[in-house]
Amino acid sequence: MTKQRDPHAREGAPVTGRSFAGGVGDSAARPDGVLKVRGAFAYSSDLWMDGMLWGATLRSPHPSADIRGIDITEAVKLPGVSAVLTHEDVPGARHYGLDLKDQPVLAIDRVRYQGEPVAVVAADHPETARRACDLIKVDYAVREPVTDARAAALDPACPKVHEHGNIVRHQPVRTGDVFSADVVVTGEYEVGMQDQAFLGPESGLAVPAEDGGVDLFVATQWLHVDQEQIAPVLGLPPDKVRLTLSGVGGAFGAREDLSMQIHACLLALRTARPVKIVYGREESFSGHVHRHPATLRYEHGADRDGRLVYVKAEIILDGGAYCSSTPAVVGNAASLGAGPYDVANVAVDAYGVYTNNPPCGAMRGFGAVQACFAYESQMDRLAEACGLDPIEIRVRNALSEGSRLPTGQVVDMPAPLTDMLRRTAAFPMPRSAGTADPRDLPGGVSNTTHGEGVVRGVGYGIGIKNICFSEGFDDHSTARVRLEV
Amino acid sequence: MHTAAAEVGQGLVTLQAQIARTELGVERVTVAPADTTVGSAGSSSASRQSYMTGGAVRTACEAVRERVLRLAGLPGGTLSGGHVVSGEVSVPLAEVLGDRTIEETREFRHRPTSPLDPVTGQGDSHTQFAFCVHRAVVDVDVELGLVKVVELAAVQDVGKILNPIALEGQIHGGTAQGLGLALMEEIQVRDGLIRNPSFTDYLIPTILDMPPMSLEILENPDPHAPYGLRGAGEPPTLSSTPAIVAAIRDACGAPLTRIPVRPEHILGPAGRRVPA
């Protein structure tokens, strides 16, 4: 090997070589960008294998009911049907879940939400599979659903959705002891149930393997946590349950929980054929968890200069029928419930509860979103009560590097909030209204106004979000790199 | 480059190759399909993948680089532009490698965190904090309760910009989802039943709803994180919603304590507001 002088080097200057474009800091092009824009990208819903069967899922129409019996006789007889499975056909563990294994693979003696899976069918055509589902007779004894999350949290007389009680997690935060002030503002806020609404439906293909295992091609957020939940249900060791990521059409938290993975694997192993499952859009709304709807009661106390003295909050997150990642969502709402502000006295109670409403779990923002709407609304109320503008009230209270959060944790990284607030206020204002194009006006092409009744408003918001996993979770990632000519 | 990390549209598949180019000084990087034959990459959530899988990729590349430099007999050198470089000396990487393959696998962890005390909620529970500020400008038809978001501006501190265009996409997208929660998106549940399970009635923002954005990105590095980066995907989802609702309050004076905001909330009990 010859060592040579770099011909591009200046005399005496260190030799650095020419860097290639597309490194860290460059706007490197996505490898899948052109494919996606052209409609040529293979998403998990495009998976195909010759000889594959199609799976479909029978779901509960009731948010709460006992199951007295399931009769699959007529479904099995339908030509083209290869398998009809219920909880009795689950070879291993009958429950799965992220934080708690409380969710049945297929409903056993109860259903707890509208859309809960009760049976699955494999057939040679997706429509045949769906019709077979319609032929399955389930004898339900309908119950009154629990739908009031606050009652589930605070009323001991509220019926139990699960034997172990309705409170999934209650996380208090207590610091300081001064809970009176010259200026006090209270508010009760409500956040509706948002959906991740990813465009690519739940979908995947399970292929039975010669070693008795299964290869699953699926759109998901975490291959290994899927594998950890699937393997015990199938009664297989993890190395016989092999997952490959297929094209993912968005996630936003909705693919953190399992959807069709176990069902497809069960059907594939039973029929010894590849089985593909794709949810329709309506089914998708029942097929994944949603953002926790919340009720938040806040009380902020400040001195007459608008400096926060205390924050009290009761946050109730409706987790719906199963646990999912509700405990972690509660942890975020509690620990970040006062917002990115210096406040010495805090009393927060955050609850995540079971109800018979649709199950909720991870969605982008994960508990911090709900709290942010409440505490930012409160800061604006406080601003008004103190005669300050929305930027000034925030600048007076914003935390900075070295601040101590209500949990006692010190912010040991830059937190230039005052700078960020001032820069936001300094953006030039957009051109004022006075346009003739209805698309620029409220109501848009509905043509409901030509400017009459239109008033302009300006508002500000600031949020604090935790990055990475929290509360002692041993999180890690792995990478294998190979260099060769 | 082989990880189990889920590319969900955020651009992690692009970033993995960018890191390899920078750390190994190569041009062509192939990212293998993600599967379970390699160790866990953790979840594509919590805005953690650039930090965690980016950190794992960087650490594995560093291990590969160290072996290359030892092979070249240039332990203090760097890899750049397809060369091994040290002081005045520059050797083509292909020459150093010959027909060798150098492969390394590494796990990457962030610093440990603690649980929250069940009574006091005290604990160093979080790995990193990220912040975003939004300003919203809206036009409100106060007679009909309709809203047009005219402009959204945001300032976000990302520690280090890894891919400018991908970052902007994340901020635009998070802001759009925040707009959706402020104005349009709600699964309406009554007695446990979903009343609007379709995109006909569960409304997600389109290009007609989402206004142009002005962005200012700050780079104040987190000393504990790879490249000093701060996770970027979620913060814009938080501040956009209250900024929009605050702007509507500014226009119409209604208290607006519930999101998504509906026309009847803007109009108030009298059914009609008179513009100021």
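**Exercise 1. Describe how helices H9 and H10 of chain A meet.**

Step 1: geometry. In this predicted model, the axes of H9(A) (residues 368–386) and H10(A) (residues 390–397) come within 9 Å and cross at roughly 105 degrees. Helices (H or I, at least four residues) and strands (E, at least two) are DSSP runs, numbered from the N terminus. Axes are lines fitted to C-alpha atoms, for helices over the stretch in contact, and angles run from 0 to 180 degrees between N-to-C directions.

Step 2: class of angle. H9(A) and H10(A) are therefore roughly perpendicular. The cut-offs are under 35 degrees for roughly parallel, over 145 for roughly antiparallel, 65 to 115 for roughly perpendicular, and oblique for the rest.

Step 3: residues. From H9(A) come A:Met379, A:Asp380, A:Leu382, A:Ala383 and A:Cys386; they meet A:Pro390, A:Ile393 and A:Arg394 in H10(A). Contact requires C-beta atoms, placed from the backbone, within 7 Å. The residues of this contact divide into six nonpolar, no polar and two charged. Nonpolar covers Ala, Val, Leu, Ile, Met, Phe, Trp, Tyr, Cys and Pro; charged covers Asp, Glu, Lys and Arg; the others, Gly among them, are polar.

A note on conventions: residues are numbered from 1 along each chain as its sequence is written, and chains are lettered from A and ligands numbered from 1 in the order in which they are written. In this predicted model local features need pLDDT of at least 70, side-chain atom pairs count only at pLDDT 80 or more, and totals for chains, interfaces and linings use all residues.

**Exercise 2. Find the buried residues of helix H11 of chain A and say what they pack against.**

Step 1: list. H11(A) spans residues 417–426, and its buried residues are A:Leu417, A:Met420, A:Leu421 and A:Thr424. Buried means 20 or more other C-beta atoms within 10 Å of the residue's own, exposed means 12 or fewer, and partly exposed lies in between; C-beta atoms are placed from the backbone.

Step 2: face. Down the axis of H11(A), the buried residues fall within an arc of 100 degrees, so they line one face of the helix. The arc is that of the directions from the helix axis to the C-beta atoms.

Step 3: partners. The buried residues of H11(A) pack against H10 and E19 (454–467) of chain A, together with E5 (128–141), E6 (146–157) and E9 (213–218) of chain B.

**Exercise 3. Work out the sheet that contains strands of both chains.**

Step 1: order. Four strands form an open sheet, E19(A)-E5(B)-E6(B)-E9(B), with mixed pairing. Two strands pair if DSSP finds at least two bridges between them.

Step 2: edges. E19 of chain A and E9 of chain B each have a single partner strand, so one side of each is left without a neighbour in the sheet.

Step 3: the cross-chain pair. E19(A) and E5(B) pair in the antiparallel sense over 14 bridges. A:Gly457 stands opposite B:Val138 in E5(B).

Step 4: covering helix. H11(A) packs on the sheet, and its direction makes about 20 degrees with that of E5(B).

**Exercise 4. How many residues does each chain give to the contact?**

Step 1: totals. Chain A gives 140 residues and chain B gives 164 residues.

Step 2: top element. E19(A) gives the most to the side of chain A that touches chain B, with 14 residues.

Step 3: classes. That side of chain A has 63 nonpolar, 49 polar and 28 charged residues.

Definitions and conventions. Contact = placed C-beta atoms within 7 Å.
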